[in-house]
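Visitor: Hi, could you walk me through this one? I'd like to start with how the pieces pack, then look at some side chains.

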Amino acid sequence: MTPLSSRLAGFGHAVPSRIVHNAEIESQLGLEDGWIERRTGIRSRHWAAEGDTLSGLAAEAGKMALEDAGIAPGEIAMTLLATSTPDHLLPPSAPLLAHKLGLRNSGAIDLAGACSGFLYALTLADGFVRAHGRAVLVVAANILSRRINPAERASAVLFADGGGAVVLAPCRDGQSGLKAAVMASDGSGYDLITIPSGGSNKPFSPEAAGDQVLMTMRDGREVFSRAVELMTRTSREAMDEAAVTVSAIDRFIPHQANLRLCDAVRHNLELEEGKLVSTIAEFGNSSAATIPLSLSVENRRKPFKPGEHLLMTAAGAGLAGGAVILAV
């Protein structure tokens, strides 16, 4: 009997209704027209409005993925939510997400992997599907607009809100599923991207300045160079592990941190420009949500075909990152 594998059975994505164009941010920061797009590739992004919640955004993406997969709620055995902006520090938001989706037979847990959270969740989900033969819903979502320091240019121009979701279902065709997963971390870069206060090391305090609970990027150039190196290295290792060549990669879906970063990794890997899947121009950088959001948008644009090999890679705060190769 062919061993169980997983397959991408459904895709979903969601963004808040409010669209913020570059001109609004450039005006606030005193930047010249076109500065943001030239530096990042971003033209617009979506930001949450009052009343929008992380669990609501995640549920919208998850519902779309479940409907796309044609899977009944009772078939989902696990719900994984990759997020850096849960509804609350406690309790986790995944159980509320599962409740909103009517997933009464599902376990549910948050994963705090920053920009690489979706790849870690996808890897764990693939293992669960193979071991237990049950479907898993993987959602990544963030509302980063509420963590932006509007006075800090490095983060104010990049970050966005959004969610993406996939359903991984069991399969016995022996061809689909995760072919390689290479994860990496470098804690020496732990303080490059932080929210200084709010954790147990530096709890909330009435005396703390307001910007202590907002994101800060200490050295954007260092983040860029380290991310390019990590994403390039783990992508090469993943291709070696999967025994596939660059020519066998059909689509390249990197974390949409910055278009220049995506292009740098693609160039290092010697991948054709046409294989790059990019959504950053319209959706910006929503951290862990960018890859599943891009998967869903791309599948609507040009549906994935059986046998395609997808290379996905990410790096972010921590530093944490990695690369996976998945066969459709």
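Guide: Happy to. Contact here means heavy atoms within 4.5 Å. Axes are lines fitted to C-alpha atoms, for helices over the stretch in contact, and angles run from 0 to 180 degrees between N-to-C directions. Helices (H or I, at least four residues) and strands (E, at least two) are DSSP runs, numbered from the N terminus. This is a predicted model, where local features need pLDDT of at least 70 and side-chain atom pairs count only at pLDDT 80 or more, while totals for chains, interfaces and linings use all residues. Residues are numbered from 1 along each chain as its sequence is written, and side-chain values use heavy atoms, with hydrogens and water left out.

Visitor: Got it. Which strands does helix H10 lie across?

Guide: H10 (residues 290-301) lies across E1, E6 and E7, at about 90 degrees to E1. Helix H3 (residues 54-69) lies across E1, E4, E6 and E7, and runs at about 130 degrees to E1.

Visitor: And what's the strand order in that open sheet?

Guide: The order is E1-E7-E6-E4-E5, five strands with mixed pairing. Two strands pair if DSSP finds at least two bridges between them. E1 (5-14) and E5 (107-111) each have a single partner strand, so one side of each has no neighbour in the sheet.

Visitor: How do E1 and E7 pair?

Guide: In the antiparallel sense, over nine bridges. His 13 stands opposite Gly 164 in E7.

Visitor: Switching topic: how many salt bridges are there?

Guide: The whole structure has 12, a salt bridge being a side-chain nitrogen of Lys or Arg within 4 Å of a carboxyl oxygen of Asp or Glu. One of them joins Arg 251 and Glu 308 (2.8 Å, N to O). That pair links distant parts of the chain, 57 residues apart.

Visitor: Are those two buried or exposed?

Guide: Both Arg 251 and Glu 308 are buried. Buried means under 20% relative accessible area, exposed over 50%, and partly exposed in between (1.4 Å probe, protein chains only). Through shared partners, salt bridges join Arg 251, Glu 298, Arg 301 and Glu 308 into one network.

Visitor: What about Gln 256, where does that lie?

Guide: Gln 256 is in the loop between strand E11 (251-254) and helix H8 (259-269), and is buried, at 0% relative accessible area. Its side chain reaches the backbone oxygen of Val 277 at 3.1 Å.

Terms used
Polar contact = N/O pair within 3.5 Å; in protein donor to acceptor, adjacent residues only side chain to side chain.
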